[in-house]
Amino acid sequence: MSRRVDALVELAAPMLLVVAVGLLSTTASPSNQVYFLNALVSVAIVVAIYVFVGNSGVISFGQISFVAIGAFAAGVMTVPLDSKKNVLSTLFPLLRDHTIGDVPSLLLAAGLGGLFAFAVGLPLMRLTGLAAGIATFAVLEITNNILREWTSIGPGATTLSLVPESTGPRQGTIGALVVIAVAFAYQRSRLGRQLRASREDSAAARGVGVRVHQQRLWAFTLSGALAGFAGALLVHQLGSITTDQVFLDLTFLTLLMLVFGGMTSLWGAVVGALAISGLDSFLSQAEEGVHIGFRLDLPTGSRFVCLGTIMAVVLILKPSGLTGGREFRLPRSWRRR
Amino acid sequence: MTLATLTFQTLSDAVGLGAIYALMAVGIGLVFGVLRLVNFAYGQLVMAGAYTLAFTASWPIAWSIVTCFAVVVALSLAMDLVVFRPLRGQSPAVMLVTTFAIAFLLQAIATIVDLRNGQLGEVAPSLSSLAQPITVWGVDIRKITLVSIGVAAGALILLALLLMRTTIGLHTRAAAADFRTARLVGVRANRVIMFAVFLSGLIAAAVAVMMTVQLPFVTPDFALYDTIVVLVGVVVGGIDRLWTATLGGFTIGFVSGVINSALPTDKTVYLPSVVFALVILVLLLRPAGLFAWGKRAAVERV
């Protein structure tokens with residue numbers, strides 16, 4: 001019984017946090033709402049990365065390529081037909097002459113992300129350590145290069161605009177909740193537990209019959225699908241996007257969020273994403289002057305210095321992250337025996 | 001590729017870039033050897049050196065360069081004390097991501113310092129006379145190419161002597177081979193690590209001096225992309241041993257040098273994809289590194 005309660009709490013805590021952010025965003029002024037939506041989309045992206053990196057312990061710089069694929073697939077397919085023929089005239093006829101709805105575009109993005117991740121993971125999942133890191137980084141570079149140059153599948157080096165801005169408080173919250181629920185279901189499943197065992201001790205896991213290569217491939221594929229889905233949420237939030245917005249900076253920032261919160265737990269991924277995007281939003285407000293009991297007015301440009309200092313100090317003092325890489329638990333006295 | 005454009009000038013420039021990247025590879029490889037830490041913030045050391053050169057541009061050249069070395073080495077040692085030491089023994093992923101945060105922080109600080117005069121970017125022109133070509137046996141070579149090759153070769157020979165012929169070098173090699181056993185037989189961990197970090201700082205300063213000749217315009221992301229490219233080269237070459245890492249750095253510098261200047265730009269749009277596909281192929285076939293041959297190499301790790 002107690003175990004089931006613990007599991008319920010593990011899932012409920014990150015979900016409640018996301019719902020709280022979603023509710024707050026409805027009360028915020030339109031100009032401030034963007035910060036809350038950013039935070040919700042960041043949660044989706046970071047949890048998607050966590051599904052592979054957190055559960056396998058193998059670092060990957062490549063997950064943002066699936067975010068990019070999802071973002072551009074969902075974006076290109078939802079630009080209204082009448083303007084599409086003008087602004088995206090170089091597309092393949094099939095892509096140019098069809099437009100799909102919002103939810104189908106999210107599903108398409110998830111499907112494509114998963115498909116690409118499977119194709120890439122099939123050879124790459126044999127690698128570990130730094131070789132895996134650099135190989136997945138190469139995937140990111142290749143994806144970016146192709147998306148930027150091939151104008152038959154997307155806008156190329158120009159900005160993709162006129163995408164319906166459908167990721168409001170509702171879609172942002174539901175999207176983040178879906179990603180969290182899938183990640184939770186995976187990590188408690190047989191497959192997830194086998195992969196987590198291989199993270200702790202690869203040799204021992206092999207010894208009891210875990211097929212490490214295969215387990216990593218499943219996680220990589222699932223992570224790719226969730227990343228594609230998160231990319232679709234992102235493009236529907238921004239309304240317009242360039243290939244550079246889903247490239248190196250986002251890769252480094254989301255990995256920092258994951259490690260900042262605690263790389264080995266779902267709770268850590270959610271807390272890290274919310275903490276850093278919250279901090280960043282607060283600091284950017286503070287650059288323009290903000291009242292928190294007293295008037296805080298940071299000099300221009302100091303926002304990133306503060307953010308960098310906080311990230312560095314927390315990681316140095318607590319390398320296992322804010323949550324210590326553990327799932328959420330109620331304090332002992334609260335828990336039923 | 002049209003062979004006609006592959007002139008001697010192109011090749012010598014590519015060798016020059018390869019020499020600089022080889023030095024950066026040594027700087028990254030030295031620290032990795034003793035700490036098992038990939039220092040992503042290495043490029044920001046070079047950036048700090050370049051800014052020092054820009055801000056001291058009105059000084060006599062020698063003083064400017066000495067200041068650059070002092071600043072970079074101090075920053076490098078500070079990084080060890082404040083960042084690397086508390087992180088010792090953490091998982092490689094955590095260490096790497098922490099150096100992302102450090103790189104982000106240093107870049108943010110550089111932006112603020114740079115923006116004091118209202119515009120982004122500073123010029124470090126004091127050594128730009130080295131960018132002029134001289135004529136050797138009828139072909140033009142830029143002086144900086146010769147200087148880079150000379151400095152890189154000199155630094156590598158000195159480093160090899162230091163590691164092979166001195167006690168602290170022996171300790172460093174021992175620590176790189178097996179840190180725990182080395183400590184058991186009396187190697188002082190902190191001294192060895194500081195030695196490696198000190199050397200890698202010296203190298204970063206030398207790289208800063210040579211890079212500002214090629215690119216006198218210094219911005220906060222100076223040397224950032226170079227660091228990424230060198231990291232790719234180091235892992236492809238084989239990061240476990242210093243000489244394979246160096247060779248990897250040189251190779252990727254030489255290849256990108258040839259590619260950038262020898263190919264017309266309208267034919268190179270998909271070239272990054274081809275290059276990175278090759279990187280993946282090499283990693284799949286030789287995950288320990290392209291140049292990591294057989295058993296004999298496995299004995300020497302620095």
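**Figure 1. Contacts of Ile239(B) in the predicted model**. Ile239(B) sits in the loop that runs between helix H9 (224-237) and helix H10 (242-262) of chain B. Ile239(B) is buried, because 27 other C-beta atoms lie within 10 Å; the cut-off for burial is 20 or more. Arg36(B) is 203 residues away in sequence, yet the C-alpha atoms of Ile239(B) and Arg36(B) are 9.9 Å apart in space.

**Figure 2. Packing of helices H1 and H5 in chain B**. H1(B) covers residues 8-35 and H5(B) covers residues 143-165. Their axes are 8 Å apart and meet at an angle of about 35°. The crossing of H1(B) past H5(B) is left-handed. H1(B) contributes Ser12(B), Asp13(B), Val15(B), Gly16(B), Ala19(B), Ile20(B), Ala22(B), Leu23(B) and Val26(B). H5(B) answers with Ile144(B), Thr145(B), Ser148(B), Ile149(B), Ala152(B), Ala155(B), Leu156(B) and Leu159(B). By class, this contact holds 12 nonpolar, four polar and one charged residues.

**Figure 3. Helix H2 of chain B**. H2(B) runs over residues 42-55. Its 14 residues should span 20 Å at 1.5 Å a residue. The end C-alpha atoms of H2(B) are 20 Å apart, so the span agrees with that expectation. Of the 14 residues of H2(B), 13 are buried, so the helix is largely enclosed by the rest of the structure.

**Figure 4. The contact between chain A and chain B**. Chain A supplies 30 residues and chain B supplies 35 residues. On the side of chain A, the elements that give two or more residues are helix H7 (129-149), helix H12 (248-261) and helix H14 (302-317). H7(A) gives the most, with 11 residues. By class, the side of chain A that touches chain B has 22 nonpolar, six polar and two charged residues.

**Figure 5. The fold of chain A**. Chain A has 14 helices and two strands. Its C-alpha trace spans about 65 × 60 × 35 Å along the principal axes. A compact globule of 337 residues would have a radius of gyration near 20 Å; chain A has 20 Å, which agrees. Of the 337 residues of chain A, 51% count as buried. Among contacts in chain A between residues at least 6 apart in sequence, 79% join residues at least 24 apart.

Key: Residues are numbered from 1 along each chain as its sequence is written. Chains are lettered from A and ligands numbered from 1 in the order in which they are written. This is a predicted model: local features need pLDDT of at least 70, side-chain atom pairs count only at pLDDT 80 or more; totals for chains, interfaces and linings use all residues. Axes are lines fitted to C-alpha atoms, for helices over the stretch in contact, and angles run from 0 to 180 degrees between N-to-C directions. Helices (H or I, at least four residues) and strands (E, at least two) are DSSP runs, numbered from the N terminus. A crossing is left-handed if the near helix is turned anticlockwise from the far one by less than a right angle, and right-handed if clockwise. Two residues are in contact if their C-beta atoms, placed from the backbone, lie within 7 Å. Ala, Val, Leu, Ile, Met, Phe, Trp, Tyr, Cys and Pro count as nonpolar, Asp, Glu, Lys and Arg as charged, and the others, Gly among them, as polar. A residue is buried if 20 or more other C-beta atoms lie within 10 Å of its own, exposed if 12 or fewer, and partly exposed in between; C-beta atoms are placed from the backbone. The expected span of a helix is 1.5 Å times one less than its number of residues. The radius of gyration is taken over C-alpha atoms; the globule rule is 2.2 Å times the number of residues to the power 0.38. Lists of a residue's contacts leave out its neighbours within four places in sequence.
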